[in-house]
Amino acid sequence: MSISRSVLLRASKSPFLNRQASHRAFVKRAVKKFMPGETPAEAIEAALKLAAEGRGSLFTKLGENLTSLDDAIAVRDHYLGFFDQLKAQDVPGQVSVKPTQLGLDLSQRACAEHLDALAAKASATGSFLWIDMEDSSYVDRTLDLYRVLKAKYDRTGIAIQAYLRRTPADIDSLMSLKPVIRLVKGAYAEPPDVAFAAKSETDLAYFDLSERMLERALVGECTPIFGTHDISLLQRLIARAKDLGVADGQYEIHMLYGIRDGDQRRLRSDGRVVRTLISYGASWYPWYMRRLAERPANVWFVVKSMFA
Ligand SMILES: Cc1cc2nc3c(=O)[nH]c(=O)nc-3n(C[C@H](O)[C@H](O)[C@H](O)COP(=O)(O)OP(=O)(O)OC[C@H]3O[C@@H](n4cnc5c(N)ncnc54)[C@H](O)[C@@H]3O)c2cc1C
């Protein structure tokens, strides 16, 4: 892992820096590149523009590692109302949640109940519920949560991280559920015995895992979703899907709002299913620091915003 990436990921956990950054106007200006605004209304407005281009949206209210179950209940209730808003405004949107935002650090049972309520609502409103994957200490519990949820609700999916050494076995263990898997490279600082240290190893693993998922998609055992902005990797996967005979609608491409927007548009106009993940909410600091860590050159946006 590069020094700048590890420094930024360490900074993402600092409450002091969080307090400092969250109130600085120039940081807020830089954050705008990655989120249309802090309110759900601004997120929905952005999604409607994407929908006009044929792109779907995924929404996430920022916030993680909550310290009270009342806060987790408030998050659950927020999303329950949000699903209704999506339906009322006819937004082709899905919701992506972090288990720690629904109380996983405090009670696995409560988190499971909140997920159940959200999955029921997603089904009832014709939407879809995603479980994000957080750092490696949460993987077993998050997989358990998904196993229970997917057995009951079809319209649910899980993010799986290609950088983890355990991931091939985890994907195999989910197959009997006919999972919907959003494969991402992985965004957290992990020790080398847990995750690949070299980006090239993660990229290789990403391709291998995706290829396996495409093969399973052919026999209806898995819905692969590629959550990456790595265009050359995506091109190779799209070619592989064609060779295997996997149809365009049998897999999707998910990217983050504000990143590789031209490519997102082009992929959509070439016939792929593309969804853009839109974040909103005031607790953007740790999430934004992970975006900077993915591409330390982004720090220049922050510096430039000081003078904008
Ligand atoms: C829809 C979605 C959901 C995700 N959910 C999770 C999750 O649940 N758990 C998790 O650990 N991670 C998640 N991630 C983040 C993921 O793990 C990676 O950290 C992130 O996507 C960057 O890796 P990459 O695949 O885009 O490839 P990279 O090889 O890192 O990037 C490829 C290219 O994309 C562009 N790019 C990538 N990141 C940025 C950026 N921040 N700013 C500007 N340009 C950039 C650059 O041009 C770069 O060269 C998610 C990502 C997406 C797209």
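The protein chain of this predicted model falls into two domains: domain 1 covers 1-35 + 292-308, and domain 2 covers 40-283. Taken over C-alpha atoms, the centres of domain 1 and domain 2 are 24 Å apart. Eight residues of domain 1 and 15 residues of domain 2 take part in the contact.

The interface can be described by its area and by the kinds of interaction across it. About 880 Å² is buried between domain 1 and domain 2, and carbon and sulfur atoms account for 53% of that area. On the side of domain 1 that touches domain 2, four residues are nonpolar, four are charged and none is polar by class. Polar contact between domain 1 and domain 2 amounts to one residue pair, with both residues at pLDDT 80 or more.

Aromatic pairs were searched for over the whole structure, and four were found. One of them joins F82 and Y280, whose rings are stacked, with 5.4 Å from centre to centre and 25 degrees between the planes. The angle is under 30 degrees, which is why the pair counts as stacked. F82 belongs to helix α5 (residues 69-88) and Y280 to strand β8 (residues 274-280), so the pair ties together parts of the chain that lie 198 residues apart in sequence.

How values were computed. Residues are numbered from 1 along each chain as its sequence is written. This is a predicted model: local features need pLDDT of at least 70, side-chain atom pairs count only at pLDDT 80 or more; totals for chains, interfaces and linings use all residues. Side-chain values use heavy atoms; hydrogens and water are left out. Domain bounds come from an automatic or database domain assignment. Contact means heavy atoms within 4.5 Å. Buried area is the accessible area (1.4 Å probe) that two parts lose on being put together, summed over both. A polar contact is a pair of N or O atoms within 3.5 Å; within protein, one must be able to donate a hydrogen and the other to accept it, and residues adjacent in sequence count only if both atoms are side-chain atoms. Ala, Val, Leu, Ile, Met, Phe, Trp, Tyr, Cys and Pro count as nonpolar, Asp, Glu, Lys and Arg as charged, and the others, Gly among them, as polar. Rings of Phe, Tyr and Trp (its six-membered ring) pair if their centres lie within 6.5 Å; planes under 30 degrees apart count as stacked, over 60 as edge-to-face and the rest as tilted. Helices (H or I, at least four residues) and strands (E, at least two) are DSSP runs, numbered from the N terminus.
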